[in-house]
Amino acid sequence: MSTLDIETVQAFLLVAELQNFTRAAEVLGTTQAAVSMKLQRLEATLNKRLVERSPRAVRLTAEGMAFQKDAKALIDAHDRALNGSRAARKQLALGFSDHAAGPELVPIMERLRSLSSSLTITVQIGFSHDLLDAFDAGTLDAVIVRPEGSHRGGEKLTEDEFGWFAAPSFNWAAGERLPIATLAPSCGVRAIAVRALDKAKLPWTETFIGGGVTAVVAAAEAGLGAAPLARRIAPPGLIDIGAAYKLPKLGRSKVMLYSRVSDAAQLAALRTISAAFRKIVLAA
């Protein structure tokens, strides 16, 4: 009688969620070849073709989509049997820099559905330096931020290029102060923008100060000013006006993951997040 191996089923679920063997291997801490072999054994056990592989994409077959629901139910039942229905849920406290999370935050959270149901994830959005302080103090298990100060180590997730984004109707006359929309003065991206303007000896004024990137983007879309934003974060309704108005370049900035977790479930969650972040950014 054939039986299903739990680790193999978990590998299938990760491949299904991430649509990538390499990313699934990163989450599991193994190789792409090992994950591929697990999927081949699973398909042989079920006598079904679960995934379609091509050089550019991995997609579930109709049988794979049908099995995905049963696989999730199996993993949930396994976790309940292993941990007990009243077992304490493990916590993972994450911090996301508002200027780093961008539109990836929702799909990243969706990817976590493939993990154990015994893990509770809390997310705090804020400025990079505040999140790093909380991480150093031990109140956050991991943070995804733009590096500041002397923090070393960490895992690079991506590198963003910044620009000056505004509504298509934006108009700035020479000799006037450049109207800008930013986050609060403690924001690292604001500091970069202000230093660049001052170095270029361009007069500026803050016409909007928001509590989050969403508010800053809304202000830029409403024509209140130009906003310094990563190209990955700027929505289609905004245009980069830097070249047209000869504004100073803002350069590039890394997005880093810092963590101190060692628990297997927490590590799996972080690996899923980092793999999903890379996949979504590369696909953008």
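Tryptophan 172 is buried, with a relative accessible area of 11%. The model is predicted.

In one of them, phenylalanine 170 and tyrosine 245 meet edge-to-face, because their planes stand at 85 degrees, with ring centres 5.7 Å apart. Phenylalanine 170 belongs to the loop between S6 and S7, and tyrosine 245 to the loop between S10 and S11, so this pair ties together parts 75 residues apart in sequence. Tyrosine 245 also pairs with tryptophan 172, in a tilted arrangement. Tryptophan 172 lies in the loop between S6 and S7, so its pair with tyrosine 245 ties together parts 73 residues apart in sequence.

| Pair | Centre to centre | Angle between planes | Class |
|---|---|---|---|
| Phe170 and Tyr245 | 5.7 Å | 85 degrees | edge-to-face |
| Trp172 and Tyr245 | 5.9 Å | 45 degrees | tilted |

Phe170, Trp172 and Tyr245 make up one aromatic cluster. Phenylalanine 170 counts as buried at 10% relative accessibility. Tyrosine 245 counts as partly exposed at 22%, because the cut-off for buried is under 20%.

The charged end of arginine 260 sits over the ring of phenylalanine 135, 4.0 Å from its centre.

**Helix H9**

H9 spans residues 213-221. Its buried residues are Val213, Val216, Val217, Ala219 and Ala220. Seen down the helix axis, they fall within an arc of 160 degrees, so they line one face of H9. Their cover includes helix H5 (98-101) and strands S6 (155-166), S7 (178-183), S8 (204-210) and S9 (227-230). Just after H9, glycine 223 adopts a positive phi of about 85 degrees.

Note on methods:
Residues are numbered from 1 along each chain as its sequence is written. This is a predicted model: local features need pLDDT of at least 70, side-chain atom pairs count only at pLDDT 80 or more; totals for chains, interfaces and linings use all residues. Side-chain values use heavy atoms; hydrogens and water are left out. Buried means under 20% relative accessible area, exposed over 50%, partly exposed in between (1.4 Å probe, protein chains only). Helices (H or I, at least four residues) and strands (E, at least two) are DSSP runs, numbered from the N terminus. The arc is that of the directions from the helix axis to the C-beta atoms. Contact means heavy atoms within 4.5 Å. Rings of Phe, Tyr and Trp (its six-membered ring) pair if their centres lie within 6.5 Å; planes under 30 degrees apart count as stacked, over 60 as edge-to-face and the rest as tilted. A charge sits over a ring if NZ of Lys or CZ of Arg is within 6 Å of the ring centre and within 35 degrees of the ring normal.
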